Amino acid sequence: MENLASYISINSEVRFGKPCIKGTRIAVADILQWLASGMSREEILNDYPMLQDIHILAALSFAANRESFIKIVPTYANYSFA
């Protein structure tokens, strides 16, 4: 499989440093929000012809990888002592 991360760039001068598809101003978060709102991959590709299917896979891969580093630290506010 290709290195999907090679399709993502982070540049402080583009979209305030949000991870974007290289060569575009389309952020990973944009793609995730479109998918979460119910847009199909085909609809996204039709609406944004500069994107390819590999870019959507790269956005998903980037988000999944980032999620694997998030750690939830429980606090007492998260518990019920009733």
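## Buried face of helix H3

Helix H3 contributes Ile-54, His-55, Ile-56, Ala-58, Ala-59 and Phe-62 as its buried residues. The model is a predicted one. These buried positions of H3 are covered by elements including strand E1 (8-9) and strand E2 (20-21), together with helix H1 (28-36) and helix H2 (41-47).

The helix itself runs over residues 53-67, a total of 15 residues. From its first C-alpha to its last it reaches 21 Å, close to the 21 Å expected at 1.5 Å a residue.

## His-55

His-55 is placed in helix H3. Its relative accessibility is 9%, and His-55 therefore counts as buried, the cut-off being under 20%.

Leaving aside neighbours within four places in sequence, His-55 is in contact with Tyr-7, Ile-21, Ile-31 and Met-50.

## The largest nonpolar core

The largest nonpolar core comprises 15 residues, of which Ile-8, Ile-31, Trp-34, Ile-44 and Leu-51 touch the most other members. Helices H1 and H3 each supply at least two residues of this core, and H3 gives the most, with five residues. In soluble globular proteins, nonpolar side chains tend to be buried together.

## Contacts of Ile-44

Ile-44 is one of the core residues that touch the most other members. When neighbours within four places in sequence are set aside, Ile-44 is in contact with Ile-31, Trp-34, Leu-35, Met-39, Leu-51 and Ile-56.

How values were computed
Residues numbered from 1 in each chain as written. Predicted model: local features only at pLDDT ≥ 70, side-chain atom pairs only at ≥ 80, totals over all residues. Heavy atoms only, no water. Helix = DSSP H or I, 4+ residues; strand = E, 2+ residues; numbered from the N terminus. Expected span 1.5 Å × (residues − 1). Buried < 20%, exposed > 50% of the residue type's maximum accessible area, 1.4 Å probe, protein only. Contact = heavy atoms within 4.5 Å. Core = buried A, V, L, I, M, F, W, Y, C linked by side-chain atoms within 4.5 Å.
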